[in-house]
Amino acid sequence: MLMPTEDRKQIFMYLFKEGVMVAKKDQFAPRHPQVPVKNIFVMKAMQSLTSRGYVRTQFNWDHYYYFLTQEGVEYLRGFLHIPETVVPSTFKRPTKTMDARRGGDDRGGEYRKRPMGDRDDYRRRDGDWGRDWSAKKEGAGADYNPEFRGAGRGARRE
């Protein structure tokens, strides 16, 4: 599709910066939410990159999700004249922050030393709720004698 070169550059710059792009399947939308161009221009530019293998497309709930591939990064670097040191944000490793799972809060991981009481509390049998669990016998009594009388679906009819 014919589109202005500036619009194509804006689409490609956004795609290279983020590494992903979302476009609603609406050809008549006046503008794309992230890039100040027509939505049809975004859809057709991404369709062109998909056919060349530079972008992977996923369609879900009336939205196109476009993911930049490694070949697409190389192509956009050449098209936009971007140096090798710049990479899309989806290709960057996340910076290491204090992780709550490793005790990264102010308590210094001390909360993990306490026993976890959520499941163990209701499984205890040592007199919870004022009952004496040791007095109760588990299982069926000695006088329990189950017997089969032949009733039900497989019973013979006479």
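Strand 1, which spans residues 20–24 (strands being DSSP runs of E with at least two residues, helices runs of H or I with at least four, both numbered from the N terminus), has a covered face formed by Met21 and Ala23 and an uncovered face formed by Val20, Val22 and Lys24. In a regular strand the side chains alternate between the two faces of the sheet. Strand 1 runs antiparallel to strand 3 (residues 63–68), to which five bridges join it, pairing requiring at least two DSSP bridges between two strands; within this arrangement, Val20 stands opposite Phe67. The model is predicted, with local features requiring pLDDT of at least 70 and side-chain atom pairs pLDDT 80 or more, whereas totals for chains, interfaces and linings use all residues. Residues are numbered from 1 along each chain as its sequence is written, and side-chain values use heavy atoms, without hydrogens or water.

Five aromatic pairs are present in the structure, a pair being two rings of Phe, Tyr or Trp (its six-membered ring) with centres within 6.5 Å, classed as stacked for planes under 30 degrees apart, edge-to-face over 60 and tilted otherwise. The rings of Phe12 and Phe79 have centres 5.1 Å apart and planes at 75 degrees, so this pair is edge-to-face; it links helix 1 (residues 5–18), which holds Phe12, to helix 3 (residues 70–80), which holds Phe79, across 67 residues. Phe12 is buried at 1% relative accessible area, whereas Phe79, at 27%, is partly exposed (buried denotes under 20%, exposed over 50% and partly exposed the range in between, with a 1.4 Å probe and protein chains only). The rings of Tyr54 and Tyr75, with centres 4.5 Å apart and planes at 10 degrees, are stacked. Ring pairs link Phe12, Tyr54, Tyr75 and Phe79 into a cluster.
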